[in-house]
Amino acid sequence: MKISIYVVRHGQTYSNVHGILQGHEDSPLTPVGRQCSTQTGNALKHVKFHKIYSSDSGRVKETLRHTGIRSDKTCIDERLRERNWGPYTGIPWREYKRLGYSIEEHPPGVETNEEMKQRWLNFFEENILREACNPTENTILIVTHGGMVRIIAKYFANFTTSTHVNINHASISNNCISVFELEIQEKVIVNCDIHQVYDCKHLQNITKI
């Protein structure tokens with residue numbers, strides 16, 4: 001059985017503009033964030049999604065609302081949240097880097113990549129693999145955060161032979177779209193075709209603030 005999974009990062013927030021680590025805190029979308037979310041919905045209007053999964057963060061739910069994408073089966077799940085930055089929540093990213101930390105290396109109190117991966121695996125196995133036997137619901141949209149987008153892409157890259165994509169970009173832009181086509185046998189991934197990753201071509205004509 002094949003399942004297509006579209007993964008979208010939320011739209012630009014005011015904290016994004018100021019380079020703030022948001023984590024589990026929230027910030028509303030900017031006007032550009034709302035416009036880009038609408039454009040993202042336009043770019044995906046040809047796709048019929050059988051199920052939508054969204055982080056419970058306000059900025060993600062606002063993004064989904066502005067895309068205009070709807071499904072009778074829309075689920076909100078806290079396991080799709082951004083990294084928990086712990087005591088560093090709310091500080092500028094540049095200050096975090098000045099302390100000697102990076103995307104891959106974090107201090108105590110900050111959720112690790114492995115902990116985020118485990119969150120993702122719990123969600124994936126419970127919600128997607130468990131229902132992989134239903135051939136009529138095989139196109140899924142996940143709206144989430146930059147950190148989780150990276151975790152998802154790295155996980156699926158373990159099952160691909162695709163050589164034309166680079167999942168190790170330093171930056172994952174707001175409203176980027178990634179598309180993964182999974183081949184699943186007996187609830188096990190046997191292959192993944194990565195059709196696009198962190199793609200923002202649909203936003204080329206929008207002026208950023």
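This is a short talk about one predicted protein chain, from its overall build down to a few residues.

Okay, ground rules. The model is predicted, so local features need pLDDT of at least 70 and side-chain atom pairs count only at pLDDT 80 or more, while totals for chains, interfaces and linings use all residues. Residues are numbered from 1 along each chain as its sequence is written, and side-chain values use heavy atoms, leaving out hydrogens and water.

Let's start with the overall picture. The chain has 6 helices and 6 strands; these are DSSP runs numbered from the N terminus, with helices being H or I of at least four residues and strands being E of at least two.

How does the radius of gyration fit a compact globule? With 209 residues you'd expect a value near 17 Å, and the chain has 17 Å, which agrees. That radius is taken over C-alpha atoms, and the globule rule is 2.2 Å times the number of residues to the power 0.38. Along the principal axes, the C-alpha atoms fill a box of roughly 45 × 35 × 30 Å.

Now, 50% of the 209 residues count as buried. Buried means under 20% relative accessible area, exposed means over 50%, and partly exposed is in between, using a 1.4 Å probe and protein chains only. As for contacts (heavy atoms within 4.5 Å), take those with a separation of 6 or more: 71% of them come from residues 24 or more positions apart.

You'll find L203 in the segment after strand 6 (188–199), and L203 is buried at 5% relative accessible area. L203 and T38 are 165 residues apart in sequence, yet 10 Å apart in space, C-alpha to C-alpha. Leaving aside neighbours within four places in sequence, L203 is in contact with C36, Q39, T40, N174 and N175.

Over in helix 1 (residues 14–17) sits S15. S15 is also buried, at 15%, and touches I20, Q22 and S27, not counting residues up to four places away in sequence.

Last stop: cysteines. A disulfide is a covalent bond between the sulfur atoms of two cysteines. Here the cut-off is a pair of cysteine sulfur atoms within 2.5 Å. How many does the whole structure hold? The search finds 0. C176 is in no disulfide, and the nearest cysteine sulfur, in C200, is 5.2 Å away. C176 is buried at 0%, whereas C200 is partly exposed at 24%.
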